[in-house]
Amino acid sequence: MSRFLFVVPPLVGHINPTVGVAAELTARGHQVAWACADPGLVRRLAGEDAVVFPCAGPALTGEDGVRPPELRGPEALKFLWEWFLVPLAEAMAPGVRVAVQEFGPDAVVADQQAFAGGLIAERLRVPWATSSTTSAEFTFADALAGMPKVADWLDALLHGLRGRIGDPSGTADPRFSPHLVLAFSTPELVGAGAGAGAGAGAGAEAGSGAGAGDRIRWVGPSMAPRPAAADFPWSWLDPARATVLVTLGTANTDVGARFLAECRDALRGRADRVQAVIVDPANVLGAHADLDDKGDEGDRDDKDVLIRSSVPQLPLLERVDAVVCHAGHNTVCEALWHGVPLVVAPIRDDQPVVAGQVTDAGAGIRVRFGRVTAPKLGAAIDAVLHEPGYRAAAERIRTAFRSAGGAPAAATHLEELAAGAPSKEAP
């Protein structure tokens, strides 16, 4: 049996897709360990018995602890790399090195934003795979060909990082393993040909590498049971009305108040035919409707809009008819896994790219996060609920996702990597 070390950033959306893969490897008799700057988070998601090597890590957002919410486009990209991704890699590197030396993995599985995983594995001559928890990186890498200044800037950042923590003579882009790239999506969503230019020169010596397209294995979403959420009032759902889930994920509470309020108004205006569940972890709407200690409905006084600090998202997606979200990769893939069409309102980072994937595939409508109004949101929701093309596209992607193999397929590719055999595309 083999040993696998998962190197992940302290981000829920990047750990969740790997949990199912790790569980599958464990079920096959392999040994699994983790390296992360937040061991408690890994154990909460992967199980209390998870073996976790602690790493240091910077604050998730900038020197003042808060990423300015107004940052968009190139400014947001620059902030992400200079204040989070590169400092995270430098902080994690000593812990990752210790983990590799003490655990002795046959293969390292490095998240595409945990650069220390790939760079330390390359330095210590351990085969490594990339865990690509957002497919937007492939599209972005392809687009760099048309942005030479941005490409040169990234090359310089990654070249300097390799010199400080990796093998200065190495050439691999730490976002795209030269051995295996596990993509938790499929071309039906991402688009044909995505990833062909990924890893070609970025972060390596100019012209040193070919694209990662031949190393990408499209395994689809990795779906695994989640830790039990707080009790959800399932009886509140009215089967006679369509149900819409509104969520902005776990990292956008600082900017969501206006958007969530517009969603609430749009959905209340359709209460005769639609009910809504709004996820509001920061209580920006000021009206959580969580159950009281006795399990009753407590102070919930709205039969049309249920506002909760958290929800059991996967079970809930089995019952909803549409999702309104920020185009986070995990939320989008989980909705489409269930064949649910979307209204996407991207905010920053990879979200505009993922939103473009949704609309290009015909599985949803894009609205402007910062400017959309309740009437425009309502029209978009009506369209994805009642125009059959959106649901048909979502169901087509669902079929592709479920045929891709998920966590078992990813585990098989990793077994082949650890055994030294070339990883073959699943039939």
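The legends below describe close-up views of a predicted model. Residues are numbered from 1 along each chain as its sequence is written. Local features need pLDDT of at least 70, side-chain atom pairs count only at pLDDT 80 or more, and totals for chains, interfaces and linings use all residues, while side-chain values use heavy atoms, with hydrogens and water left out.

**Figure 1. The whole chain and its confidence.** The chain contains 14 helices and 13 strands; helices (H or I, at least four residues) and strands (E, at least two) are DSSP runs, numbered from the N terminus. Of its 427 residues, 57% count as buried, where buried means under 20% relative accessible area, exposed over 50% and partly exposed in between (1.4 Å probe, protein chains only). Among contacts (heavy atoms within 4.5 Å) between residues at least 6 apart in sequence, 70% join residues at least 24 apart. The average pLDDT, the predictor's confidence in each residue from 0 to 100, is 86 for the chain, and 82% of the residues score at least 70. In residues 61-66 the pLDDT is below 50, and this stretch has six contacts in the model beyond near neighbours in sequence. Residues 289-301 also have a pLDDT below 50, with 19 contacts beyond near neighbours in sequence. Where pLDDT is low, the predicted coordinates should not be read in detail.

Figure 2. Seven strands form an open parallel sheet in the order 3-2-1-4-5-6-7; two strands pair if DSSP finds at least two bridges between them. Strand 3 (52-54) and strand 7 (216-218) are at the edges, and each has a single partner strand, so one side of each lacks a neighbour in the sheet. From one strand to the next the twist averages 25°. Helix 4 packs on this sheet and touches strand 1 (3-7), strand 4 and strand 5; its direction makes about 150° with that of strand 4. For such angles, axes are lines fitted to C-alpha atoms, for helices over the stretch in contact, and values run from 0 to 180 degrees between N-to-C directions.

**Figure 3. Strand 5 and its two partners.** Strand 5 (residues 128-132) is largely enclosed by the rest of the structure, because five of its five residues are buried. Trp128, Thr130 and Ser132 point one way from the strand, and Ala129 and Ser131 point the other way. In a regular strand the side chains alternate between the two faces of the sheet. Strand 4 (residues 107-111) pairs with strand 5 in the parallel sense over four bridges, and Asp111 has Ser131 of strand 5 as its bridge partner. Between these strands the chain passes through helix 4 (residues 115-123), and this β-α-β crossover is right-handed, that is, with the strands pointing away from the viewer, the path from the first strand over the helix to the second runs clockwise. Strand 6 (residues 180-183) also pairs with strand 5 in the parallel sense, over four bridges, and Ser131 stands opposite Leu182 in strand 6.

Figure 4. Six strands form an open sheet with parallel pairing, in the order 10-9-8-11-12-13. Its edge strands, strand 10 (305-308) and strand 13 (364-366), each pair on one side only. The twist averages 15° from one strand to the next. Strand 12 (residues 342-344) pairs with strand 13 in the parallel sense over three bridges, and Val344 has Arg366 of strand 13 as its bridge partner. Helix 8 (residues 257-268) packs on the sheet, touching strand 8 (242-247), strand 9 (274-279), strand 10 and strand 11 (322-325), and its direction makes about 165° with that of strand 9. Helix 12 (residues 374-386) also packs on the sheet, touching strands including strand 12 and strand 13; its direction makes about 150° with that of strand 12.

**Figure 5. Helix 10.** Helix 10 (residues 329-337) is largely enclosed by the rest of the structure, because eight of its nine residues are buried. Among the buried residues are His329, Glu334 and Trp337. Gly339 follows the helix and has a positive phi, near 70°.

**Figure 6. Cys36 and Cys55.** The structure holds zero disulfides, a disulfide being a pair of cysteine sulfur atoms within 2.5 Å. The sulfur of Cys36 is 7.2 Å from its closest cysteine sulfur, that of Cys55, which is too far for a bond. Cys36 is buried, with a relative accessible area of 0%, and Cys55 is buried at 9%.
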